[in-house]
Amino acid sequence: MTSKLLQKARDFETRYSPFVTPGERPAFHVTPAIGWMNDPNGFSVYKGEYHLFYQYNPYGTKWDLMHWGHVKTKDFIRWERLPAALAPDAGYDQHGCFSGSAVEMPDGRQMLIYTGVRQTRQKNGKIRDRQTQCVAFGDGVDYEKSDANPVIGSGDLPEGGSIHDFRDPKIWRENDRYYIAVGNRPADRSGSILLYESTDGLHWKYDGVLAACHNQYGRMWECPDFFKLDGKHVLLVSPQEMNPIGLEFHAGNGTVCLIGGYDPKTHHQIRENVQAVDYGLDFYAPQTLETPDGRRVMIAWMQNWETVNCQPEGIRYFGEMTLPRELSIRDGRLIQNPVRELENYRGYQILYRNVQFSGHTTLGNVKGRTLDMTVSVRPAAENAVYRNFKINVASDGEHCVSIRYKPENNTVRIDRTHSGFPHDIVNVRDFMVRPNRGEIKLRLILDRHSLELFVNDGEQAATAMIYTDQSADAINFETDGCAVMDVEKYDIVTD
Ligand code: FRU
């Protein structure tokens, strides 16, 4: 049965989402029907299609009482809207249906598992969240919350675990069992990821601590995901309150990828390598699925908590997801590239080879705001490496967003200072790339309001929202030495 609260959200989105004109939205990135979106939830395969839910407040462009919005796709590029899936309409989730995940069950139903939030007054008078894990079962459109909810509560926590910070279960099925990895705050007040298992989704057994933060990489770890990839076990987490570490991790909310092995006896991940997931400005809470052809695909919220309150004026929705990315492991590091389905939407190819230039240049037909462009650059002579190579996009003379490669210290900088946004938010990020004497490959995906950069076939990714007016669509190249480049550019055409 659809509750009054859920029906209200569905009616609201049906009525108001048509007011958002197609031109206001990106061409191939997911946005909310109306209102506010944060984390991806329930990114999974169901009946041969990819489903994606999201943290959702239909009624305004700021975070508030969390619902789950819902879309699905056959190819990660064209998305179909479905009615809102969950509303905070039960006692145990009356203050929010927080993040969670989804899985297809052998009986044909889809199970959603999410964090139910209920606020209670403490003995000291303070109001605090109680966060428990809850399930709902459905057919890909309508979901019924279980009478057994919450299915994991305070009694299921290990000693010292906090019921106030216990959220974001990520489910998977293995050997006829369901497993979840879920974030918690243990007694040392930092983050840990707990593992539970179940045969039916209703009765859960605590297995152990999959990984603990010990205040090393931030504090509370939000939105975990745990999966096998190319012979390794990968754990993704989104820590709060990170301290910066070199150019690898910036302060605040970040994303961390822990790569290693797994000990089934202790249920601990064996840590071998730790790295950032995305090196840009707007990327949080990634979640993955496995496609029927065996690819591990990741999507994330293309925003960050530090700057979400600075919003362009007059918007009717806020928040976007990244383009889904295919993951792999190379030399112990996470590699990410745009899903290959994007290539089916490429328009005419514009190709330039061996363009030698100094100073500043533009190329005929290389412009636009909805495109897929790869630039491979190298110095004109081996002993004359330039100091800077820059690509400026979303440019109109006054505005631009730039990507700068500096071989002498092996860094790339993404800079949207002049992207037309009248707020002093974080606009610049530098990150390390592989030393390669001035040779680098930069693939840029632009979709009206966003830039996703993939360096050297996915060795690094860096994502940023850009706020420049769509008329700023020029692209130009700059170097202080002499550079040679190949440029391959496609418009992305989705209609
Ligand atoms: C991460 C997060 C999650 C929580 C959700 C609430 O962005 O804080 O931990 O479930 O957002 O909307």
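Is Phe 421 buried or exposed in this predicted model? Phe 421 is buried, with a relative accessible area of 11%, where buried stands for under 20% relative accessible area, exposed for over 50% and partly exposed for what lies in between, computed with a 1.4 Å probe and with protein chains only.

The legends below describe several close-up views. The model is predicted, and local features are therefore taken only at pLDDT of at least 70 and side-chain atom pairs only at pLDDT 80 or more, while totals for chains, interfaces and linings use all residues. Residues are numbered from 1 along each chain as its sequence is written, and side-chain values use heavy atoms, with hydrogens and water left out.

**View 1. The shell of residues around the ligand.** The ligand has 13 residues around it, of which Asp 39, Gln 55, Arg 167, Asp 168 and Glu 222 come nearest; a residue is near a molecule or strand if one of its heavy atoms lies within 4 Å of it. Sorted by class, this shell holds 6 nonpolar, 3 polar and 4 charged residues, with Ala, Val, Leu, Ile, Met, Phe, Trp, Tyr, Cys and Pro counted as nonpolar, Asp, Glu, Lys and Arg as charged, and the others, Gly among them, as polar. At least two shell residues each are supplied by strand E1 (35-46), strand E5 (97-104), strand E9 (166-174) and strand E13 (221-229); helices (H or I, at least four residues) and strands (E, at least two) are DSSP runs, numbered from the N terminus.

View 2. A polar side-chain atom of Trp 63 lies 3.0 Å from an oxygen atom of the ligand. For Arg 167, an N or O atom of the side chain is 2.9 Å from an oxygen atom of the ligand, and for Glu 222 the distance from a side-chain N or O atom to a ligand oxygen atom is 2.9 Å. Taken alone, the ligand exposes 320 Å², and the protein buries 94% of that; these accessible areas come from the Shrake-Rupley method with a 1.4 Å probe, and for residues only the protein chains shown count as cover.

View 3. Side chains of opposite charge can pair when their charged atoms come close. A salt bridge is a side-chain nitrogen of Lys or Arg within 4 Å of a carboxyl oxygen of Asp or Glu, and by this rule the count comes to 37 salt bridges. Arg 173 forms one of them with Asp 176, the closest N and O atoms being 3.6 Å apart; Arg 173 is partly exposed at 32% relative accessible area, whereas Asp 176 is exposed at 61%. Another salt bridge joins the side chains of Glu 197 and Arg 177 at 2.7 Å, N to O. This pair links distant parts of the chain, with Glu 197 in strand E11 (residues 192-198) and Arg 177 in strand E10 (residues 177-184), 20 residues apart. Glu 197 is buried at 11% relative accessibility, while Arg 177, at 31%, is partly exposed.

**View 4. A salt bridge between two loops.** The side chains of Arg 387 and Glu 408 meet in a salt bridge of 3.5 Å, N to O. Arg 387 belongs to the loop between strand E23 (370-379) and strand E24 (389-395), and Glu 408 to the loop between strand E25 (400-406) and strand E26 (411-418), so that the pair links distant parts of the chain, 21 residues apart. Arg 387 is partly exposed, with a relative accessible area of 45%, and Glu 408 is exposed, with 51%. Elsewhere, salt bridges that share partners join Asp 293, Arg 295, Glu 326, Arg 340 and Glu 341 into one network.

**View 5. The rings of Phe 421 and Tyr 467.** Rings of Phe, Tyr and Trp (its six-membered ring) pair if their centres lie within 6.5 Å, and planes under 30 degrees apart count as stacked, over 60 as edge-to-face and the rest as tilted. By this rule the count comes to 25 aromatic pairs. The rings of Phe 421 and Tyr 467 are stacked, because their centres are 4.2 Å apart and their planes stand at 20°. Phe 421 lies in the loop between E26 and strand E27 (428-432) and Tyr 467 in the loop between strand E30 (460-465) and strand E31 (474-492), so the pair ties together parts that are 46 residues apart in sequence. Tyr 467 counts as buried at 19% relative accessibility. One aromatic cluster is formed by Phe 12, Tyr 16, Phe 19 and Tyr 59.

How values were computed. Polar contact = N/O pair within 3.5 Å; in protein donor to acceptor, adjacent residues only side chain to side chain.
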